[in-house]
Amino acid sequence: MIPEIGHFALALALSLAVVQSVLPILGASRGNVRWMQSARSSAIGQVFFVGVAFAALMRSFVVSDFTVRNVAENSHSLKPLLFKIAGTWGSHEGSLLLWVLILTVFGAGVAVLGSNIPAATKARTLSVQAWISVGFLSFLLFTSNPFDRVFPPPADGSDLNPLLQDVGLAMHPPLLYFGYVGFSIVFSFAVAALIEGRIDAAWARWVRPWTLAAWMSLTAGIALGSWWAYYELGWGGWWFWDPVENVSFMPWLLGTALLHSAIVTEKRDAFKSWTILLAILTFSLSLLGTFIVRSGLLTSVHAFAVDPERGIYILGLLALSIGGSLTLYAWRAPVMEGGGLFRPISREAGLLVNNLILAAATGTVLFGTLYPLLLEALTGDKISVGPPFFNAAFVPMMLVLGLFMGAGPFLSWKRADLAGVLQRVRFVAGLAVLVTLAVWYLISGGPFLAYVSILIAVWLLLATLREWALRIKFMEAPLSETLRRARNLPRASQGMTLAHVGLAVAMIGMIGSSAWKSEEIVFVTPGTDVTIAGFDVTFTGAERLRGPNYIADRGRLEVRRDGEPVTTLYPERRSYPVAQSTTTESAIRSTLAGDLYASISEPASEDAASGEAWTLRILYEPLVNFIWLGALMLVAGGALSLSDRRLRVGVPRRTRPHGDLRLPAE
Amino acid sequence: MIWVAFLVMALVASAFALLPIFRPDTAAVIRSDAVPAVLADQLEEVRRDLDRGLISAAEAKAAELEIKKRILSVVRRTTSEEHGPGAGGGRAGAILAALFVPLMAFGYYTVNGAPDVPALAFGERAPERAEEARIVDLAQQLHDRLQNDPNGGASEGWMLLGQTYMRMQRFEDAVRAFETVADRSDATSATWSMLAEALIGANAGTVVPRAEAAIERALEIDAMNPAATFYAALAESQGGDDAKAYDLLTTRLTEANGYAAWMDSYVARINRLAQATGKPRVAVSDYASEAPRGPSAADVAAARDMSEGDRADFIRSMVDRLASRLEAEPDDLDGWMRLGNAYKVLNERKNAIEAYSRAQELLEAAAQDDPRRQIVEKALRDLQG
C-alpha cells in the first residue's frame with residue numbers, strides 16, 4: 001500500500017502544480033488577490049505531497065520492498081541502513097524525485113518566508129516555479145516513475161555497488177541538487193520580473209537570500225564531491241574536469257557572477273537586465289546539467305539514441321524553458337529603465353570585470369564539456385577534452401579574476417579614488433611578492449605558472465585581510481574601538497571577507513597539490529624502501545583480512561622521516577564477492593602541510609603465485625587540505641551573509657479594519 | 001482500504017486548493033508598501049555605516065539622496081492595477097481548482113496505478129525464502145545420496161541434479177553433475193550438450209575449449225542434436241566467423257522436419273547474425289509448414305497432474321493425434337520416427353514396426369550417412385528380433 005500512496009501523492013502534487021501554474025499568475029494580471037494568494041497554499045500542498053512520495057520511496061528502500069522496481073534494481077537487503085536510505089536518491093527515478101522535492105521546497109520557502117514580497121510579484125514567481133514543477137513531475141510520472149511495481153518480487157535486490165557505499169557520496173547528490181535546483185526560484189523571480197516588466201533594487205533584495213542559499217549548497221556539494229573522489233576513488237586527484245563535475249561547476253561559476261551582479265542591482269539599481277539574464281542562464285545550465293547526466297548522453301551518444309524517450313522529454317523541457325525565457329528576455333528586457341551611472345574605476349566596474357571573467361570562464365567550461373559530445377554526435381569520433389585544455393584556458397582567467405578580486409572591495413561605489421586604493425594596497429602587494437620569492441627560494445622547482453598562481457593567491461588573501469583591517473581600523477584606533485567595529489560590521493560584509501579569504505585558501509591548496517605533488521609507482525616486496533617528499537616508506541608486507549562483506553589484502557607501510565618513525569599506513573584492496581568487484585581503500589596521513597597517500601593494487605601478475613609482490617602507489621600532495629578548508633570558509637561566508645538581518649526586511653501588513661477577522665481554517 | 005486512504009489524501013489536496021476562499025481577501029502586500037520598505041531599510045543602513053565610520057559623511061549624503069529619490073519615484077508610480085477592482089471575487093475559480101485537483105489525480109491513477117499490488121517488505125518474506133532454502137536443501141540431499149551411492153548414483157539422478165543446478169544458476173555444480181554422467185557408457189548426446197551449456201554458463205557465456213570438446217562429442221553421438229549445433233554456431237561466432245555460424249544454423253533448420261520449440265531460438269539467433277553478416281533474415285515458417293504441433297505447455301502441465309490411468313489415456317490420445325496427422329502428411333520422416341518410438345514405449349510392437357517401416361521408406365531418399373538410418377535400422381532390428 002505504501003508505494004501506491006507515494007504514487008498517488010505524486011499525482012496529487014502534479015494536479016496542484018497545474019492549478020498553481022495558472023491561477024496565481026492570472027490573479028496577478030487581473031488584480032484578484034484571492035487567486036494570487038492561492039499560490040501560498042498550493043505551494044505548501046505541493047511540497048507536502050512530494051514529501052509524502054519521497055517518504056514512501058524511502059520507506060520502501062529501508063524495508064527493502066522489492067515489489068518496487070526501483071528498489072529491486074538499486075538496493076539489496078544486505079546493504080547497511082545508511083546506504084539503503086541514500087539509495088532513495090541513488091537511481092535515475094529517485095534522484096529526479098529528490099530534484100522535484102527540492103524544487104517544491106524552494107517554492108514553498110518563498111510562499112512562507114517571502115512575506116515582504118508584493119503579492120503580485122510573489123504570485124507570478126510561484127506560478128513560474130509551478131511551470132517547472134509541472135514539467136518535471138510529468139516527466140517523472142510518465143517516463144521515470146519511481147513507483148513502478150514488479151510482482152512477484154525478485155528474491156533480492158541487484159545492487160550492492162561497494163564503490164557507491166560512501167558517506168560522502170551519499171550526501172553529495174542532495175547538496176548538489178539543493179544548489180542546482182535552488183537556482184530555479186531565482187529563475188522564477190527573473191521570469192516573473194520580465195512578465196511584470198519591472199525590476200528594481202527591492203527585487204534584487206528579495207532574490208538575494210535565495211541565490212545565496214542555492215550558491216552555498218552548490219559550493220558544499222561540489223566540495224564534497226571532490227573530497228569523495230579524492231578519498232574513495234584512490235587516484236589521488238580532487239578534480240578531473242569530468243563532464244559530471246563540469247555540469248555542476250558551470251552553474252556555480254555563473255551563480256557566483258549572479259550573486260555579485262545582484263549586489264549592484266540592489267545597491268545601485270544598475271546591471272538590471274544583466275542580472276536577469278544571469279538568473280535565467282544559471283538555471284538553464286542547471287537544467288542542461290540535469291539533461292546531460294540524466295539522459296545517458298555521457299555514457300554514449302548512441303546509448304541515448306537507442307532509448308531516447310527520457311532524453312527527448314528533458315530536451316523538450318530544456319528547449320521550452322530556456323528558449324521561452326530567453327525569448328521573453330529579448331522582448332521585455334529592452335523596456336527596463338537603466339540604472340545608476342558609474343565611472344570606469346568604481347565598485348560597479350570591478351564587479352563588471354568579475355562578471356565578465358566568470359561568464360567567459362563558464363563559456364570555456366561549457367565548450368570543453370559539450371564539444372566532445374557534439375563531435376561524437378556528428379562524426380562518431382570519440383575524443384576527450386582533458387585537463388590540459390582546462391588548465392590552459394580556464395586557469396589563467398581565474399588568475400586574472402584573483403588579481404581584481406583582491407582590489408575590488410577597496411573600490412567605492414560610483415567613482416573610486418584609484419590613487420588612494422593603490423596606496424592602501426601597496427604594502428600587501430609588496431608582501432605578496434616577498435612571500436612568493438620566499439617560496440621560490442625554499443622549493444625552487446615546479447612550473448613557472450605555479451609561482452604566478454601563488455603570488456595571486458597570497459595577494460588575494462592579504463588584500464582581503466587588509467581591507468577588513470581598514471574597516472575595523474586595526475592598528476589605527478585603540479583596540480577597544482577595533483573590537484567594537486569588528487563586532488558591528490554588517491554580517492554581509494563579514495561574510496564577503498570570509499568567503500574571499502576562503503577562496504584564497506582553497507587556491508593555495510589547489511596550487512600546492514597540483515604543482516608540487518610527488519608520485520611514485522613502484523613494484524614492492526616486503527622490505528622495499530621508497531623515498532618520497534622527505535619520507536622514507538618501508539613496505540613490510542601484506543596480510544589477508546575478512547571484513548563484514550568483503551575480503552581485504554592489507555599492506556603495511558612504516559613511514560619515517562629523518563630516521564624518526566612518523567606513522568604506519570595500512571592501504572587495503574577489498575574484494576566484495578557478492579557484487580564481484582574490488583575497491584581501493586587508500587591510507588592517508590593527513591596534515592595541514594600535506595597528505596601522504598598510499599594505495600596498493602593487485603600483486604603484479606608475474607609473481608602473483610608468491611603473493612608477495614605488490615604494486616604500490618604513493619603520493620605526497622602538499623597543502624591539499626587547504627582546498628576543503630577554503631570551501632568550508634566559502635560556505636560559512638555565505639551563511640554569515642545570509643544571516644544578515646537586512647535580508648529579512650519586514651513590512652507592515654496592509655490591513656483594513658476587518659482584516660483581523662480570521663477564520664479558523666487558516 | 002487503499003481507496004479510503006486515497007480519498008483522504010484527495011480531500012487534503014482539495015483543501016489546499018480551497019484554502020484561499022477562507023482567507024481575508026485584502027491582506028496582501030502591495031508594491032507601493034514593499035518597495036519603499038526595502039529602500040527605507042537601505043537608508044537606515046547608510047546611516048548605520050556612517051555612525052560606525054565605514055563611509056564618509058559626503059558619501060553618506062550622496063547615497064541618502066539617491067535612495068530618497070528612488071522612494072519618491074516608486075510612490076509616485078504606484079498604479080491602480082495593484083489595488084485591482086476584482087479583489088473580492090475569485091471564489092468560483094478556487095472551487096473549480098479544488099474539484100480539478102482530485103479529478104485529475106484519480107484520472108491519472110486509474111490508468112497508471114497498481115492498487116492491487118501489495119507492498120512486501122523483505123522481512124515479511126521469510127516463508128518464500130524458506131521455500132527457496134528447501135529447494136537448495138533438496139538438491140543437497142539428492143547430491144549426497146548420489147554421491148554416497150556405492151554404484152556412483154543413477155545417471156538419471158545426476159542429470160536431474162545438473163538441471164536443477166542450472167535453474168539455480170549454479171553452473172559450476174551443474175558442470176560437475178553432468179561430467180559424472182559424461183564419463184559413463186550411457187552418456188547420450190544430450191548429456192554432452194548439457195555439459196557444454198553448463199560450461200558456457202559457468203564462463204559467463206564464453207565457449208571455452210572444454211565446452212567446445214563437449215559440443216564435438218555431442219555431435220559425434222547425434223549429429224542432429226539441435227542444442228549441440230546451436231552452441232557449435234555460438235563458438236564459431238565467438239571465434240569471429242559469423243557467416244559460418246549463420247550457415248551452421250540455417251543448414252540445421254533446413255534438415256528439420258516439422259516444427260519444434262528449439263526452432264524459435266534458432267531463428268532469433270540467425271536473425272541477429274543476419275544483421276551482422278548482411279545475410280537474409282529467416283522465419284520459422286520458412287522451415288516448418290505448420291504451426292507448432294505436439295504437446296503444448298498446457299498439455300504438459302495437464303499431464304503432470306493426472307493419475308497413472310489418466311496419463312496413459314492422455315498419451316494414447318496424443319499418439320493418435322500424431323498418427324492421424326501423419327496419414328495426412330506421410331512425408332514427415334521425423335514424425336514417423338517419433339510415432340514408432342511412441343508405440344514402442346506403449347508396447348504396441350506391430351504399430352511400432354509399421355511406423356518405423358514408413359520411416360525407412362522415406363530414408364531411402366536421404367543421404368547415405370544420415371544418422372537416422374542407423375536409428376531406424378536398430379529400432380526395427382530390436383522390434384523384430
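**Exercise 1.** Among contacts in chain A between residues at least 6 apart in sequence, what percentage join residues at least 24 apart?

*Solution.* The model is a predicted one, in which local features need pLDDT of at least 70 and side-chain atom pairs count only at pLDDT 80 or more, while totals for chains, interfaces and linings use all residues. Residues are numbered from 1 along each chain as its sequence is written, and chains are lettered from A and ligands numbered from 1 in the order in which they are written. Begin with the criterion: two residues are in contact if their C-beta atoms, placed from the backbone, lie within 7 Å. With that criterion, 75% of the contacts in question join residues at least 24 apart.

**Exercise 2.** State where confidence is lowest and where it is highest in chain A.

*Solution.* Start from the chain as a whole: the mean pLDDT (the predictor's confidence in each residue, from 0 to 100) of chain A is 84, and 89% of its residues reach 70 or more. Next, turn to the helices (DSSP runs of H or I, at least four residues, numbered from the N terminus): the lowest confidence in chain A belongs to helix α11 (residues 301–306), at a mean of 52, and the highest to helix α19 (residues 625–642), at 94. Finally, consider residues 649–666 of chain A, over which pLDDT stays under 50, although the model has 29 contacts for them beyond four places in sequence. Where pLDDT is low, the predicted coordinates should not be read in detail.

**Exercise 3.** Determine which residues of helix α12 (residues 262–277) of chain B are buried, and how they are arranged around the helix.

*Solution.* First check the length: taking the expected span as 1.5 Å times one less than the number of residues, the 16 residues of α12(B) should span 22 Å, which agrees with the 22 Å between its end C-alpha atoms. Then apply the burial criterion, by which a residue is buried if 20 or more other C-beta atoms lie within 10 Å of its own, exposed if 12 or fewer, and partly exposed in between, with C-beta atoms placed from the backbone. B:M263, B:Y266, B:V267, B:I270 and B:L273 are buried. Seen down the axis, the buried residues of α12(B) fall within an arc of 130 degrees (taken over the directions from the helix axis to the C-beta atoms), so they line one face of the helix. These buried residues pack against α10 (226–238) and α11 (242–255) of chain B, whereas B:D264, B:A268, B:Q275 and B:A276, on the other side of α12(B), are exposed.

Conventions: Helices (H or I, at least four residues) and strands (E, at least two) are DSSP runs, numbered from the N terminus.
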